[in-house]
Amino acid sequence: MEEQPKLPDLNTPPRPQHDHTAPITDADGSLQVLGFKSVDAGHESTEPLGHSAGGTTAKQPVRALILTGFGINCEEEFAAAYKLAGAEPTIVHLNQVLHGHISIHDYDILNFPGGFSFGDDLGSGVVLANKLRYRKNAEGRTLLDDIKQFIANGKFVMGICNGFQVLVKLGLLPNLSGNVTPEVTLTHNASGRYEDRWVRLKVNPKSNSPFLKGIDSMEVPVRHGEGRLIIKGEETLAEIETRALNCLAYTDFDGSPTDVYPHNPNGADLNCAGLTDTTGQVFGLMPHPEAFLSLYNHPDWARRKRQNPGLSEEGDGLRLFRNIVEHVQGQTAAVPQEASQFSS
Amino acid sequence: MDSTQRTIQLLLKPGQHDGEGQRVAEAAQRHLGLSTGRVQSTALYTVRYPVSDEQLRDFATHCLQDPVLNDVALDEFRHGAEFKSYILVAKLPGVTDDEGISAQNALGDFLNQPLDTHTQHIFSKRLYFLEHELPESSLRRLAEELLGNKMINRFEVGPIAQIRDYTPRPGGGAESITNTVPLVGLSDEELVKLSKDNLYALNLEEMRAVRDHYTSIAEERQAAGLPQDPTDCELEIIAQTWSEHCKHKEFSAVIKYKDADTGEEFEVDSLFKTYIKNATSEVDRQLRANGNDWLIKVFSDNAGAVRINPESLFVWKVETHNSPSAIDPYGGAITGILGNNRDPLATGIGGARLLFNTNVLCFGNPEFNGTLLSNQLHPRRIFEGVRKGIEDGGNKSGVPTVNGAIVFDDRYAGKPLVYCGTGAVMPMQLAGLDSWEKKIDAQDRIIMAGGRVGKDGIHGATFSSIELDETSPATAVQIGSPITQKLAMDFLILATRRGLIKCSTDNGAGGLSSSIGELATISGGAVVELEKVPLKYPGLRPWEIFVSESQERFSLAVEPAKMTELMSLGQEMEVELTDIGYFTSDGSLDVRFDGESVARIDMEFLHNGVPRKVLEAEWTKPTAQEPALPADLDYTDVLSRLLGSLNICSRESVIRQYDHEVKGRTIIKPLMGATGQAPQDAAVVRFNFESWEGVAVSNGILPRFGDLDAYHMSAGAFDEAVRQIVAVGGKLPNLSYGDGNFWSVNDNFCVPDSVYDPATNPDGKHKLAKLVRMCQALRDATAAYCIPLTSGKDSMKNDFKADGVKISVPPTVLYSMTAKIEDVRRTITSDFKQADDVVYLLGETYDELGGSEFYQLFGELGANVPKVRFEEAKALYTLMGEANEKGLIQSCHDLSDGGLAVGLAEATFGHGFGADVELPATGLGLSAQLFSESHSRFVATVAPEDVVAFEQHFGARATRLGVVTQDSQLTVRHGGQTAISASTAALRHEWTNGPVNRIIGFGQQEVAH
């Protein structure tokens, strides 16, 4: 992971930055985090979120950093997912991170939510990916430099929908080469249109990603216009399959992967709905697990509840978040120092 | 090619599917009959920024090119040898170009340079190549009909050997000149001409009032060193402030009403005051008397507000954006939805969080195949454009579009109706202050936040107050930029919670003139320094800057001490903030440019000087009769045809292109069930992830009943919205002391020109009488259900005139309702849940087929318009609330278009159940039992074990019809005969493959599994 991409900006000396503001500080001089910790529009507060009930109070909570701003719009449900899974989510504006006011290394999981970053006018996720790769902070580092370090430290990155598109356009997924250069792409659905519909996913049993541990299948909504995964070249395709990086597939009602619309809503290669990198630490998917946190998100909830009054009130999507939070908790228990290694 | 201008072209790599090119070729064949051969689509970026060859190449390949999909060509227009013609689609100067700005953003990041994103350096275009050699006229037609709109795009077309490029160069023209407009001494004819020539949209009496005002203050103005005559800017401010759009002159007019049938005469002293405001005051009195004090803000500010709980407010606003959508459907709809979003965002202090959007659209028949009038767009094109505008406006803002309705009627073919609604949640307190209050003191600064000002949208307020004709102005068209607004929205949310903003308002119709003019009434005056206003490009006159409706802007009032913190937050979040003046308390609106006076107007005259209109209304009951239909109707066939009819068929292709569940809080979506194809009555959205409290949202609109009786149409629409909320489990308000069960309703009237004129509008009195009757029904409904209106809007000139023909909308009213849901987990969906559940009809069916979809099938209107019996309806709704409390109802669907038969069929669409139903022998004919659209009715199912309790609870209000079956057959019997026998899969197929999904090109859906 130490190898730098051969890109022209490496020869360009750092230039004056667009932004000259100092971090905003309060009366005591301590940094004010931009953005809400509360995800709760009905009971807003600027106080940090309380930890969810459970026996984790003795331990350091798992910290999830959720980026927002510039058209990202699924940050609130993303944070709710982590909160329900027992982690401590923090939503921050991208500029806080890009300008170095917040360090991603203070967190365990870095999250790119869905939305339309920068309007997606050049293709989904392109402008944001470009910013992560090229825009330098005052020390001359790009955020991609930090993300590479973050992954090398054994931490986790998750992208949903537009966030997945960013990770793909950036080359963090699938990153077969380790060079962080784009190897696949996500483009316009075969139907040519944006669609919101519920799909069934099957988890690739060979996937090594802790996000998917113990999950066979799940129902989730897709809400995108550019979710069709296109893999360039047979070799790349074969390698993705061999290494089981195509971790999620669209399936029909019987649970078999399918290329038939609308079960496969976009016509993706390998019927693929999500990818991991080779380490399994970086995970992205087009559908929205954070939109299925409660049973009542499902279009058929009322009939299912009638059929089975004792049905769990939790949605399928929450399992992903519980997985990764438990995994990180297990890690920190084993290696207590690691989480704070890069904190200042 | 210009040496400082470089071009980057992105082409799809050979072998990549060119979906866009294929769609263009297909649409050209299908809609225009043009054979294009293969079409190749490419993207062009023209860079007008100094870059080296190497930088250009690297920028193109690293930032714009998708390495998997695209090839790049630099400074050329590359195309395959087989192509013979080209079409270039560029934007006209000053038109929003988000794609160009995005590319520019990427260039700034790539170069690590602080590129000013507010000056355009990169221009995006599309370049198409066509295999066939087509004449220029055909290419231009294809371009104008399918690829863009001549109001916003510039097209270059021709043979491929001669590709002409075009890059907009905005600006030029006039500079900071302020003229005076001689008014004193003008004759009546000259005054009218002046108003028309300048698009002031003021009538003679109003022009006289302005002239007389200036005559009366001549000495004061002279003493103050001001010209005797008004400046151009002053007249523009007055025209905008006095526009029908802003001032609602017809809803405030004195109306002399006469009933020609009975001879009854009376005078209405303002429709708004009499039927809307006073009615809501009475409701509020009753609510408060019963310990329900949740009505916080009504008919003031940008949106109404009700209290959800001690911590938070629900803010609700619905508006129309009709005229712009007629000219540029996409731009009109997207600015409509984004503009409506700004209303709740800028209510009180500001910074509410948007919870959902809803929209109701009225179009002409999209399958119209007659001749269009000059500048009239085809209804299909308006439909597709508006739909796309709502998709982008909602999806890109991250606001779920949770429900809506589409109504078709040929009379909407001139001007469509585009209603946009937005609900939002706001804390009761922001930084320790009451969030819903607007407070401003003299010396507070005026800050403009968000986008910059251009010539786009000049005269929107006045333009929407007149009828459209073939010469309607291009400057009235605007394109919204959802991304710009999202940034401003994120900023507002933070800034208000930090206490940096005293209050905010949006820049919508009338621009700064309207927003500052209104805010200045709070402190009692303002000084605006127009030279500070950031412009998109030079060349705007001061008055243009002041009235421009360039989008995505807010005006903020900020305490001087908070300025530093506010400005640094803006910089951090990349939202442009500009200090453009300050509030005063001297009673005048003082507008300057570089210290020179541009306008100085007395606020009292500006806001209260408009002369009151006196209008005439005369009602005669239309003559109508019930038709004689064939006796041997095949009711199965009738039901199938109804399900496939324009106003009943599935809207799935439209619904699925809207994100209806971003934010993860939508509990009842427009389509539900295992199939995802069961239509629902009202949407339900929870407020947050920490409680199960939520809000139900519904829309009532029934224009076709207005042809029989506008009173019953309006009452019926109100009832429809109420019963949709009751169907999903909502409870009427004020049923018990302090139950806190809020309801919040917006009324939106869209009517044709209703001002009588013997020559141009001979039936004006009749139209106005319809409006009066619609308002009377509103008053009666409000009182009957104790449901308050919190905000509303009226759009009074929905006529399209061209080639000597006038197309006027039918008088239309939309009631958009919201109501609190205590626990969203207890809501009810419309689809059948389990076999053997018992099916009931709740409420009573009458011989009311007048205006029904059933009669419509036979081209008949009928006479017996459905009437709302408010007392009976209220009693039934109260019983339903109690039954839901006990969990007695498993599914519930309100009956409206197509009556009981369609309601039963739709309830089977969720899973593939059937139903076996026997209609009672009531003396009512079979057609009426099946298809009457009598109000206040539901089809509900009950678990077998609850039947006794259910029947006891509802008594005679419930009629047992039959049972839900496993066998996917809908059987309806009557008097020992089988009236309907159909496979529910076949019925769903008819419904799903109706004209709407066919037109939007939705794929064939799988039949029930």
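How far apart do the end C-alpha atoms of residues 193-249 of chain B lie, and what percentage of the span is helix and what percentage strand? The end C-alpha atoms lie 21 Å apart, and the span is 67% helix and 0% strand.

## The model and its numbering

This is a predicted model, in which local features need pLDDT of at least 70 and side-chain atom pairs count only at pLDDT 80 or more, while totals for chains, interfaces and linings use all residues. Residues are numbered from 1 along each chain as its sequence is written, and chains are lettered from A and ligands numbered from 1 in the order in which they are written.

## Chain B as a whole

Chain B holds 30 helices and 42 strands, where helices (H or I, at least four residues) and strands (E, at least two) are DSSP runs numbered from the N terminus. Its radius of gyration, taken over C-alpha atoms, is 29 Å, close to the 30 Å that the globule rule (2.2 Å times the number of residues to the power 0.38) gives for 1009 residues, so chain B is as compact as a globular protein of that length. Along the principal axes, the C-alpha atoms of chain B fill a box of roughly 85 × 75 × 60 Å.

## The annotated span

For residues 193-249 of chain B, an unreviewed UniProt entry gives the feature "domain: Phosphoribosylformylglycinamidine synthase linker"; UniProt positions are given in the numbering used here, feature names are shortened, and annotations may be inferred rather than shown by experiment.

## Strands around β22

Strand β22 (residues 577-583) of chain B runs antiparallel to strand β17 (residues 445-450) of chain B, to which 5 bridges join it, and B:Ala449 has B:Leu577 of β22(B) as its bridge partner. Strand β20 (residues 526-529) of chain B is also antiparallel to β22(B), with 3 bridges, and here B:Ala526 stands opposite B:Phe583. Two strands pair if DSSP finds at least two bridges between them.

## Two crossing helices

The axes of helix α20 (residues 635-643) and helix α26 (residues 899-907), both of chain B, come within 10 Å and cross at roughly 70 degrees; axes are lines fitted to C-alpha atoms, for helices over the stretch in contact, and angles run from 0 to 180 degrees between N-to-C directions.
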